[in-house]
Amino acid sequence: MFNKTATTIFVLIALLGMNTSFAMSHKSTGIVIQDPWVRSAPPNAPALGAFMQIHNNTNQDVKLISAHAKAYGQIQLHRTINDNGMMTMVEQEFMPILANKKLHLKPGSWHIMLINPDRVPSEGEVVALKLLFDNGTSQIANFKVRKGKMMMKNHQHMKHSK
Ligand SMILES: [Cu+2]
């Protein structure tokens, strides 16, 4: 009896320890994804924007070369640029993240475009995207669906019912 309990506790501690070291290594080394989110959209939206900060904590420049997820017809890397006063989205072959720098994907700038969703996810849902980098690494990040910053201006003037 005692042995069984001791073993269980040991396994729990080992699991907790693994989680802790995993979280810590994410903060200090490699490519670190911070604040991944998808801008919420109407149920009939043909596409959604996904955003995040990509930290490159290595001494080598790295490129994000693609993003993948089930339930989308196509996923493209986009950048919104100002073309003579016209804001236009241009598909990019890759996103550059320089050594020891970060790239901030945000509305009106770099973003991942989720095109032709099988179903538009609602606020609070999580979209798991697999991100592929040109250094041969990949990772899955969980993008939380939430309201975009562009909504905030109006939002501040709205009365909340709560
Ligand atoms: Cu786009």
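1. Two strands are said to pair if DSSP finds at least two bridges between them. By that rule β1 and β2 pair in the antiparallel sense, over seven bridges. W37 has F51 as its bridge partner in β2. Helices (H or I, at least four residues) and strands (E, at least two) are DSSP runs, numbered from the N terminus.

2. On provenance: this is a predicted model, in which local features need pLDDT of at least 70, side-chain atom pairs count only at pLDDT 80 or more, and totals for chains, interfaces and linings use all residues. Residues are numbered from 1 along each chain as its sequence is written.

3. Overall make-up. The protein has two helices and ten strands. From the N terminus on, the order of elements is α-β-β-β-β-β-β-β-β-β-β-α.

4. Further partners of β2. Four bridges join β2 to β8, and the two run antiparallel. There L48 has L114 of β8 as its bridge partner. Another four bridges link β2 to β7 (residues 102–105), again antiparallel. In that pairing the partner of I54 is L103 in β7.

5. Partners of β4. Strand β4 (residues 72–83) is joined to β8 (residues 110–117) by seven bridges, and the strands run antiparallel. H78 is bridged to H111 of β8. β4 also pairs with β5 (residues 86–92) in the antiparallel sense, over seven bridges. I81 has T88 of β5 as its bridge partner. The hairpin of β4 and β5 has two residues between the strands, and N84 takes a positive phi near 50° in this hairpin.

6. Burial. A residue is buried if 20 or more other C-beta atoms lie within 10 Å of its own, exposed if 12 or fewer, and partly exposed in between, with C-beta atoms placed from the backbone. Of the 162 residues of the protein, 17% count as buried.

7. Core. A nonpolar core is a set of buried Ala, Val, Leu, Ile, Met, Phe, Trp, Tyr and Cys residues joined through C-beta atoms within 7 Å. The largest one has 21 residues, and V38, A50, L64, I112, L129 and F143 have the most contacts inside it. At least two residues of this core come from each of β1 (30–39), β2 (47–57), β3 (62–68), β6 (95–97), β8 and β9 (126–133). β2 gives the largest share, five residues.

8. Contacts. Two residues are in contact if their C-beta atoms, placed from the backbone, lie within 7 Å. Among contacts between residues at least 6 apart in sequence, 66% join residues at least 24 apart. Leaving aside neighbours within four places in sequence, L129 is in contact with A50, A67, H68, A69, I112, I140, A141 and F143.

9. Positive phi within strands. D35 is found in β1. Its phi is near 50°, a positive value in a residue other than glycine. D35 is partly exposed because 13 other C-beta atoms lie within 10 Å. N116 lies in β8. Phi of N116 is near 55°, also positive in a residue other than glycine. N116 counts as exposed because it has 11 C-beta neighbours inside 10 Å.

10. A loop residue. E125 sits in the loop between β8 and β9. With 14 other C-beta atoms within 10 Å, E125 is partly exposed. E125 and F143 are 18 residues apart along the chain, and their C-alpha atoms are separated by 8.3 Å.
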